[in-house]
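Please keep the sequence and the structure at hand while reading.

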Amino acid sequence: MRRKLVIGNWKMNGRRSDNPALLSSIVHGTERARAECVVCVPAPYLAQCEAVLAGTSVGWGAQDVSTHELGAYTGELAACMLVEFGCSHVIIGHSERRANHCESNEAVGMKAVAALKAGITPVLCVGERLEERRAGRTAAVVSAQLEAVLRLIDPSDVAKLVLAYEPVWAIGSGQTATPEMAQEVHAHLRAHLAQKHAEGAATVRILYGGSMKPGNAKELMAMPDIDGGLIGGAALIAADFLAIIHAAN
Ligand code: PGA
């Protein structure tokens, strides 16, 4: 049985003065939760996460990592730096980074390798754009995104991944995939993982992301291959985020 996992993706939100209150509410609200909870915050706030969340059951992480170890790469974040701030997870290949920063499938694969090498769990985001869904290309698109990572990692590392299926048309749009639509893609992703490592594939958590809210979280996470959520907008409001975590229980 896979333990449910709910990850908050703060994106470029948060304020130094407000973050401790939100983080503390999450800690208190999840004390009895069965689901695992992680927040992925902007890098300048990782130290605040460490201060508030260390020793609690809430994990924290970043939203991107460099493919490089260290060096002359202005603006980038090295995996070893994320480790220094206690990160357990890092989001890679989010569609906003693929679109706005031209991240290729190959670059995302290298980011997964960098995270794994540092002992951080990569949260690999995959998802199709609306025109790709309309053209019947959803399975092919997400498989190509996944395969670019699988090609570079050891079969034994499959179990160390977290996947997030995030249809691009559902992100921040208020439009959600139906549970059945999402389940179909999640099952496809798990079958693809199984070609690389069958036992690993059975344990990998595959999260759904894209306008997940308290009102739709329960029915999405009731599907057999939906193991939690990657939450954007609703992760910024303690009551909403906690309601989603409790829906996962
Ligand atoms: P959303 O974002 O919940 O605001 O749609 C999800 C994400 O982009 O990870």
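Leaving aside its neighbours within four places in sequence, which residues is Val-149 in contact with? The answer is given below under its own heading, after an outline of the chain, which is a predicted model.

## The chain as a whole

The chain contains 11 helices and eight strands. Its radius of gyration is 17 Å, close to the 18 Å that the globule rule gives for 249 residues, so the chain is as compact as a globular protein of that length. Taken along the principal axes, the box filled by the C-alpha atoms is roughly 45 × 45 × 35 Å.

Of the 249 residues, 53% are buried. Among the contacts with a separation of 6 or more, 72% are accounted for by residues 24 or more positions apart.

## Val-149 in helix H7

Val-149 lies in helix H7. With neighbours within four places in sequence set aside, the residues in contact with Val-149 are Val-108, Gly-109, Ala-112 and Leu-124.

Is Val-149 buried or exposed? The relative accessible area of Val-149 is 1%, and residues under 20% count as buried, so Val-149 is buried. Between Val-149 and Cys-80 there are 69 residues of separation in sequence, and the C-alpha atoms of the two are 20 Å apart in space.

## Helix H7 against helix H8

Helix H7 covers residues 138-150 and helix H8 covers residues 179-196; their axes come within 10 Å and cross at roughly 35°. The crossing by which H7 passes H8 is right-handed.

On the H7 side, the contact is formed by Thr-138, Ala-139, Val-142, Ser-143, Leu-146, Glu-147 and Leu-150, which meet Val-185, His-188, Leu-189, His-192, Leu-193 and Lys-196 in H8. Sorted by class, the residues of this contact are seven nonpolar, four polar and two charged.

## Ile-206 in strand S7

Strand S7 spans residues 205-209 and holds Ile-206. With a relative accessibility of 0%, Ile-206 counts as buried.

Not counting residues up to four places away in sequence, Ile-206 touches Leu-163, His-186, Leu-189, Arg-190, Leu-193, Asp-225, Ile-226, Asp-227 and Gly-228. Leu-189 and Leu-193 from this list also take part in the contact of H7 with H8. Arg-190 is 16 residues from Ile-206 along the chain, and their C-alpha atoms are separated by 8.0 Å.

## Helix H1 and its two partners

Helix H1 (residues 19-29) packs with helix H11 (residues 238-247) at an angle of about 30°, and the two axes are 10 Å apart. The pair is therefore roughly parallel, a description that applies to angles under 35 degrees. H1 passes H11 in a right-handed crossing. The residues that meet are Leu-22, Ser-25, Ile-26 and Gly-29 in H1 and Ala-238, Phe-241, Leu-242 and His-246 in H11. Five residues of this contact are nonpolar and three are polar, with no charged residue.

H1 also packs with helix H2 (residues 46-53), at an angle of about 40° and with the axes 10 Å apart. That angle makes H1 oblique to H2. Here too the crossing is right-handed. Asn-19, Pro-20, Leu-23, Ser-24 and Val-27 in H1 meet Gln-48, Cys-49, Val-52 and Leu-53 in H2. The contact of H1 with H2 has six nonpolar and three polar residues, and no charged ones.

## Two loop residues with positive phi

What is the phi value of Lys-11? Phi of Lys-11 is near 55°, a positive value in a residue other than glycine. Lys-11 is placed in the loop between strand S1 (5-9) and H1.

Cys-102 also has a positive phi, near 50°, and is likewise a residue other than glycine. The loop that contains Cys-102 runs between helix H4 (95-100) and helix H5 (105-118). With a relative accessible area of 67%, Cys-102 is exposed, whereas Val-149 and Ile-206 are buried.

Conventions: Residues numbered from 1 in each chain as written. Predicted model: local features only at pLDDT ≥ 70, side-chain atom pairs only at ≥ 80, totals over all residues. Heavy atoms only, no water. Axes fitted to C-alpha atoms, helices over the stretch in contact; angles between N-to-C directions. Helix = DSSP H or I, 4+ residues; strand = E, 2+ residues; numbered from the N terminus. Parallel < 35°, antiparallel > 145°, perpendicular 65-115°, else oblique. Left-handed = near helix turned anticlockwise from the far one by under 90°. Contact = heavy atoms within 4.5 Å. Nonpolar A, V, L, I, M, F, W, Y, C, P; charged D, E, K, R; others polar. Rg over C-alpha atoms; globule rule 2.2 N^0.38 Å. Buried < 20%, exposed > 50% of the residue type's maximum accessible area, 1.4 Å probe, protein only.
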